[in-house]
Amino acid sequence: MTMRRTAVATATAALTLLAAWGGAPSATAAPAAPAPKTANTPTAPNTPTAAGTCAVLAPGASAVAEKAVAAACEQIGVWYTWGGGHGPQPGPTYGQVDPSDPDSAHDPERLGFDCSGLVRFAYARAAGGDPLTGNAHHQFHSPHVQQRFTAAQATGPLLPGDLLAWGSGSIHHIAIYLGAGKMVEARESGTRITVSDVRLDGDYAGAVRIAPPTAAPGTFSTWGTDVWTHREPSTTSPRVHKFPGPTTVRIECQKHAEPVTAEGYTNDAWSYLPEYGAWITNIYIKGAAWLDGVRTCP
């Protein structure tokens, strides 16, 4: 998703899984490349750029966060490509054309990352596994978020590896903080991954600190495409947020409510997702019809 874009979800709502996860759903991304770097990729994380040096620029970050910064910095010079980085495994992929952005016309020819694809790759490399799947909005609301910071707090409390986010309502862009007011980002079509000054104006929404555990209690994966959550455990209640594809979520509790039939299954169990303030039918949660180890909602 580019920083010049506004809310264009209605233009792309019919597009599907593992696509332009930098902000809005899109067509399915191409298979991941076998190597996480291209010929344009430098060999060291301290690569100078027009904006500055890509490295950990302040003390205090966790070992995982510092490794995430190093992994992102290794990609300096790689193309931004809309939907890049959302293949079956973390790593660069060829992108897709963003219908709202003429600059993305060549993205299907460019091997690289969009903003959330870069974040996904960096934390997968640092932490092992694949803890930050999904687009920028899902990453900002990940169950692996340890601490949140408001826009009003600016960069004062931030440490290298924290994720900065932009968007009013739905997050459409995300970047990795380096320290000293700098960040590494995949910003928009027609540009390459670079170091930038942190932008605190416009629709800057705040930041989060990631502490991905090996298996967080209550953490599950969704499946399916274009799956909506609801304000109440009922398909007739207002929709809250759509998961374009599989996403890691934290479930606080579950309850029996309206029976739902979908994908050949019928189930009356619903799960509450505290990060989204919404309910999802258990049909779209990987696991048993009634999830093991999850308490019953009052």
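Trainee: How many bridges join strand 2 to strand 3, and what makes these two strands count as a pair?

Mentor: This is a predicted model, by the way. In it, 2 bridges join strand 2 to strand 3 (residues 111-113), and the two run antiparallel. Pairing takes at least two bridges, so strand 2 and strand 3 count as paired. Tyr94 sits opposite Leu111 of strand 3.

Trainee: Which strands are the edge strands there?

Mentor: The open sheet has 3 strands in the order 1-3-2, with mixed pairing. Strand 1 (79-80) and strand 2 (93-94) are its edge strands, since each pairs on one side only.

Trainee: What does strand 5 pair with, and in which sense?

Mentor: Strand 5 pairs with strand 6 over 4 bridges, in the antiparallel sense. Strand 5 also pairs with strand 9 in the antiparallel sense, again over 4 bridges. The cut-off is at least two bridges, so both count as pairs. For residue partners, Leu164 bridges to Ala175 in strand 6, and Ala165 bridges to Gly206 in strand 9.

Trainee: Which way do the residues of strand 5 point, and are they buried or exposed?

Mentor: From strand 5 (residues 163-166), Leu163 and Ala165 point one way, while Leu164 and Trp166 point the other way. All of them are buried. In the hairpin of strand 5 and strand 6, 6 residues lie between the strands, and Gly167 takes a positive phi near 145°.

Trainee: Why is Arg199 called buried?

Mentor: The relative accessibility of Arg199 is 15%. Buried means under 20%, so Arg199 counts as buried. Arg199 is in the loop between strand 8 (194-197) and strand 9 (204-210). Its C-alpha atom is 9.4 Å from that of Leu164, with the two residues 35 apart along the chain.

Trainee: And what makes His230 count as buried?

Mentor: Run the same test: His230 has 7% relative accessibility, and the limit is under 20%, so His230 is buried too. His230 belongs to strand 11 (residues 227-230). Leaving out residues up to four places away in sequence, His230 touches Thr235, Ser237, Pro238, Arg239, Val240, Trp270, Ala278 and Trp279.

Trainee: Why are helix 2 and helix 3 described as oblique?

Mentor: They pack at an angle of about 130°, with the axes 8 Å apart. Roughly perpendicular ends at 115 degrees and roughly antiparallel starts over 145, so this angle makes them oblique. Helix 2 passes helix 3 in a right-handed crossing.

Trainee: Which residues meet where helix 2 and helix 3 pack?

Mentor: On the helix 2 side you have Val64, Ala65, Lys67, Ala68, Ala71 and Ala72. They meet Leu118, Phe121, Ala122, Tyr123, Arg125, Ala126 and Ala127 of helix 3. By class, this contact has 11 nonpolar residues, no polar ones and 2 charged ones.

Trainee: Which residues of helix 2 are buried, and what do they pack against?

Mentor: In helix 2 (residues 63-73), the buried ones are Ala65, Ala68, Val69, Ala71, Ala72 and Cys73. They pack against helix 3 (115-127), and also against strand 6 (173-179) and strand 7 (182-185).

Trainee: What about the whole chain: how many helices and strands does it have?

Mentor: The protein chain has 4 helices and 16 strands. Of its 298 residues, 54% are buried. Among contacts between residues at least 6 apart in sequence, 63% join residues at least 24 apart.

Technical notes:
Residues numbered from 1 in each chain as written. Predicted model: local features only at pLDDT ≥ 70, side-chain atom pairs only at ≥ 80, totals over all residues. Heavy atoms only, no water. Buried < 20%, exposed > 50% of the residue type's maximum accessible area, 1.4 Å probe, protein only. Contact = heavy atoms within 4.5 Å. Axes fitted to C-alpha atoms, helices over the stretch in contact; angles between N-to-C directions. Parallel < 35°, antiparallel > 145°, perpendicular 65-115°, else oblique. Left-handed = near helix turned anticlockwise from the far one by under 90°. Nonpolar A, V, L, I, M, F, W, Y, C, P; charged D, E, K, R; others polar.
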